[in-house]
Amino acid sequence: MHLLNDKTMKQFTELTKIVKTVLACRVSPKQKQEIVELVKKTRKCISLSIGDGANDVNMITAAHVGVGIKGKEGLQASRASDFAIGQFSHLKRLMFYYGRECYRRNVNVIKFNFYKNMILVLPQFWYGFMNSFSG
């Protein structure tokens, strides 16, 4: 980070390992981006960034999942984000309902892939077994 020396960065990294959430306010856009990248690198976790203006675009694009809030500051954050919402109060529904639905759909895709692979491989395996794998 461009404002932290090695000692301060190490202390910040140790602090991020203790807490569950990192909030950054009154910092420059470059610092927001560097905080997200540092947390992604040190904690090995999925990062979520929420922003509402042009100054949050770097942070939103650096995170794994970016949420842009449409508001008085313009649409730059919502254009650069993965998800765009109209108000901060819609975030709860986005995370708990749509997050669960996305998880459920991914589980169905994985189950379908297992079933599809069994249907494709088992007849070939059975054919080889019936021919004593003679080639």
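Biologist: Is Gln 33 buried or exposed?

Modeller: Compare its relative accessible area with the cut-offs: buried is under 20%, exposed is over 50%, and partly exposed lies in between (1.4 Å probe, protein chains only). Gln 33 has 18%, so it is buried. The model is predicted: local features need pLDDT of at least 70, side-chain atom pairs count only at pLDDT 80 or more, and totals for chains, interfaces and linings use all residues. Residues are numbered from 1 along each chain as its sequence is written, and side-chain values use heavy atoms, leaving out hydrogens and water.

Biologist: What does Gln 33 touch?

Modeller: A contact is heavy atoms within 4.5 Å. Setting aside residues up to four places away in sequence, Gln 33 touches Asn 58, Met 59 and Ala 62. Gln 33 itself sits in helix α2, residues 29-43. Helices (H or I, at least four residues) and strands (E, at least two) are DSSP runs numbered from the N terminus.

Biologist: Which residue pairs with Lys 30 in a salt bridge?

Modeller: Side chains of opposite charge can pair when their charged atoms come close. The test is a Lys or Arg side-chain nitrogen within 4 Å of an Asp or Glu carboxyl oxygen. Lys 30 pairs with Glu 34, with the closest N and O atoms 4.0 Å apart. The two are four residues apart in α2, so about one helical turn separates them. Lys 30 is partly exposed at 43%. Glu 34 is buried at 13%.

Biologist: Which residues form the largest nonpolar core?

Modeller: A core joins buried Ala, Val, Leu, Ile, Met, Phe, Trp, Tyr and Cys through side-chain atoms within 4.5 Å. Here the largest has five residues: Val 67, Ile 69, Ile 85, Leu 91 and Leu 94. Strand β2 (65-69) and α5 each give two or more of them. Beyond four places in sequence, Leu 94 contacts Val 67, Phe 83, Ile 85 and Gly 99.

Biologist: How many helices and strands does the chain have?

Modeller: Five helices and three strands, in the order α-α-β-α-β-α-β-α.
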